[in-house]
Amino acid sequence: MDRSDVNRRSFVKACSAVATLAAASATRLVRPAFALADAPKIKLVDKAGKPIKAGELEVNANYIFPYPYVSTPCLLLRLDAPTPRNVMRTNAEKAPYTWPGGVGKDSAVVSYSAICAHLLTYDSRHASFMTYHRGRSDLSGHERAITCCAHGSTYDAVNGAAVLSGPAEFPLAAVQLACDDGSDELTAVGFVGTVLFERFFEAFRADLNADFGRGAYRELLRDRTVVKPIAEYSDAVSAC
Ligand code: FES
C-alpha cells in the first residue's frame, strides 16, 4: 500500500466519523469539560527528553504534542510574526474570554488544540487534516492560517485561532504556554476557549481505544509531553 492509499483510506475513515457526528452534534450542547484550574503543568520535550526551547523551533513548521490527555493533540507553532497581547475572543456559548497571546521572543510561539471546532476532525498518528500554512491558501485565500481539510474551516494562527472562514463557529481552544525567561523552555499550563474533549472522546471512542488501549485514551499526562514535527507524528499529512 503506497502513501496515497494510506492517505485516502485515512481520509475516508475520518469523513465517515465526521458524518456520523454531524447529525448528533446539531442538538448537543458544547460542554467545557476541562476547567483551567485542573490543567496539569507539563514540560514540552523532544523525543530524546530534551526540553523544547522556543527559540529553537523551526519558524512556520507544524509540531504536534499531546496535552492534557495522551490522546488529545495540540499544534505548536513558531510564527514569523509577533502576536498581539490579551485579545478578546468569544467561546462556543458566546461568552468572552481573553487569549493572552504567544510566548517567547516577539510572542511568536503559539499552541492550539488540533481538534477542529466544527466536527472534531483531529490530527492523529494515522493522518493529520489540521495544519498551519504560512502562505496563501488555495482553499481559503488566507495566510498564516490553520486549515481543517475536512470541510475547510480556517483559523487565524496569529490571533487566538479566530475563525477566518468555513463552518466552524468558534475558535480552536488555545493552549496557554509559559516560557522561562532564562532557559527559553516551554511548559503547557492550561487552556482558554472551548475545550471539546468529552465530545471528542464520545465521537471517536472506538478509534481511540484501538490506538491507545481500552480506556487509556483518558489518561492525563504527567510531568512531560513529547513534541514531534507533524511528519513524524502522522503517517500522512494532508494539505488543502
Ligand atoms: S471538522 Fe469540519 S471543518 Fe473541521
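Predicted model: local features only at pLDDT ≥ 70, side-chain atom pairs only at ≥ 80, totals over all residues.
**Notebook: disulfide, sheet and backbone**

I began at Cys240, which is partly exposed with a relative accessible area of 30%.

Residues are numbered from 1 along each chain as its sequence is written, and side-chain values use heavy atoms, with hydrogens and water left out.

**Entry: the chain as a whole**

I looked up the overall make-up and found four helices and 16 strands in the chain. Helices (H or I, at least four residues) and strands (E, at least two) are DSSP runs, numbered from the N terminus. Of the 240 residues, 49% count as buried. The chain exposes about 11000 Å², and carbon and sulfur atoms supply 49% of that area. The areas come from the Shrake-Rupley method with a 1.4 Å probe, and for residues only the protein chains shown count as cover. I then turned to contacts, meaning heavy atoms within 4.5 Å. Among those between residues at least 6 apart in sequence, 63% join residues at least 24 apart.

**Entry: the disulfide**

Which residues form a disulfide? I found Cys149 and Cys240, with sulfur atoms 2.2 Å apart. Cys149 lies in the loop between β9 (145-148) and β10 (154-156) and Cys240 in the segment after β16 (236-237), so the pair ties together parts that are 91 residues apart in sequence. The torsion about the S-S bond is about -95°, so I recorded the disulfide as left-handed. In general, a disulfide is a covalent bond between the sulfur atoms of two cysteines.

I compared the surroundings of the two ends. Cys149 counts as buried at 14% relative accessibility, whereas Cys240 is partly exposed. I also checked Cys116, which is buried at 1%.

**Entry: the sheet with β9**

Next I followed β9 into its sheet. This is an open sheet of four strands in the order β8-β9-β10-β11, with antiparallel pairing. Two strands pair if DSSP finds at least two bridges between them. β8 (130-133) and β11 (162-165) stand at the edges with a single partner strand each, so one side of each has no neighbour in the sheet. The twist averages 35° from one strand to the next. For such angles, axes are lines fitted to C-alpha atoms, for helices over the stretch in contact, and the angles run from 0 to 180 degrees between N-to-C directions.

I listed the pairings of β9. Four bridges join β8 to β9, and three bridges join β9 to β10. Thr147 is the bridge partner of Thr131 and also of Thr154 in β10. Met130 stands opposite Cys148. Are the faces of β9 buried or exposed? Both are covered, with buried Ala145 and Thr147 on one side and buried Ile146 and Cys148 on the other. The hairpin of β9 and β10 has five residues between the strands, and there Gly152 takes a positive phi near 85°.

**Entry: backbone exceptions**

Most residues other than glycine have a negative phi, and most peptide bonds are trans. I looked for departures from this.

- Tyr67 and Pro68 are joined by a cis peptide bond with omega about -5°, and Pro68 is in the loop between β2 (63-66) and β3 (73-78).
- Asp106 has a positive phi of about 60° and lies in the loop between β5 (96-99) and β6 (109-113).
- Asp184 has a positive phi of about 70°, sits in the loop between β12 (174-179) and β13 (186-192), and is partly exposed at 23% relative accessibility.

**Entry: helix α3**

Last, I looked at α3 (residues 205-212), whose buried residues are Leu208, Asn209 and Asp211. Their cover includes α2 (197-203). Gly213 follows α3 and has a positive phi near 100°.

Note on methods
Disulfide = S-S within 2.5 Å. Buried < 20%, exposed > 50% of the residue type's maximum accessible area, 1.4 Å probe, protein only.
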